[in-house]
Amino acid sequence: MRFATRTLQSLGDDGEREDILIWIERRPGAVWAVGRAIGLGNRQIPQPRPDDYVFEGYEMGDALAAANAALEDDLEVSAEEGLTEAVPPFVEDELLKPLERWFFGHKP
């Protein structure tokens, strides 16, 4: 289940804009995962592939750090390409609220 997402723009090798999606999800076994995919919606099968994941681990803080590092790197590259966006960092509260809803009520 995805708990938080960010979408930003970048330029592809062909000079066309493409969407970059970064997300934090919670997997079975209390595992946090961070994914990063380019053009996920344009794929023949719009599902993340194993190589789209940049982090898997048990600590929420580590997942936040990995997600924000990926976001900062992509924002820096986008700015170098002339695409300046104001995309907020991932914060703990946006992970805790859905986690509490799931834990106490099993509602997404």
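Both tryptophan 23 and tyrosine 53 are buried (under 20% relative accessible area, with exposed over 50% and partly exposed in between; 1.4 Å probe, protein chains only). This is a predicted model, where local features need pLDDT of at least 70, side-chain atom pairs count only at pLDDT 80 or more, and totals for chains, interfaces and linings use all residues. Residues are numbered from 1 along each chain as its sequence is written, and side-chain values use heavy atoms, with hydrogens and water left out.

**Exercise 1.** Find the aromatic pairs and classify them.

*Solution.* 
- Start with the rule. Rings of Phe, Tyr and Trp (its six-membered ring) pair if their centres lie within 6.5 Å; planes under 30 degrees apart are stacked, over 60 edge-to-face, and the rest tilted.
- The rule gives two aromatic pairs.
- Take phenylalanine 3 and tryptophan 32. Their ring centres are 5.4 Å apart and their planes stand at 85 degrees, so this pair is edge-to-face.
- Phenylalanine 3 is in strand S1 (residues 2-11) and tryptophan 32 in strand S3 (residues 31-38), 29 residues apart. Helices (H or I, at least four residues) and strands (E, at least two) are DSSP runs, numbered from the N terminus.
- Check burial. Phenylalanine 3 and tryptophan 32 are both buried.
- Now take tryptophan 23 and tyrosine 53. They are edge-to-face too, at 5.7 Å between centres and 80 degrees between planes.
- Tryptophan 23 belongs to strand S2 (residues 17-27) and tyrosine 53 to strand S4 (residues 53-57), so the pair ties together parts 30 residues apart in sequence.

**Exercise 2.** Find the charges that sit over rings.

*Solution.* 
- Apply the test: NZ of Lys or CZ of Arg within 6 Å of the ring centre and within 35 degrees of the ring normal.
- Arginine 6 has its charged end over the ring of phenylalanine 90, 4.4 Å from the centre.
- Arginine 27 lies over the face of tyrosine 53, 4.2 Å from the ring centre.

**Exercise 3.** Describe the largest nonpolar core.

*Solution.* 
- Define it: buried Ala, Val, Leu, Ile, Met, Phe, Trp, Tyr and Cys residues joined through side-chain atoms within 4.5 Å.
- The largest core has 21 residues. Ile22, Ile24, Trp32, Val34, Phe90 and Leu95 have the most contacts inside it.
- S1, S2, S3, helix H1 (60-80) and helix H2 (92-105) each give two or more residues to this core.
- H1 gives the largest share, eight residues.
- Another core, of six residues, lies apart; Leu21, Ala37, Leu40 and Tyr53 are among them.
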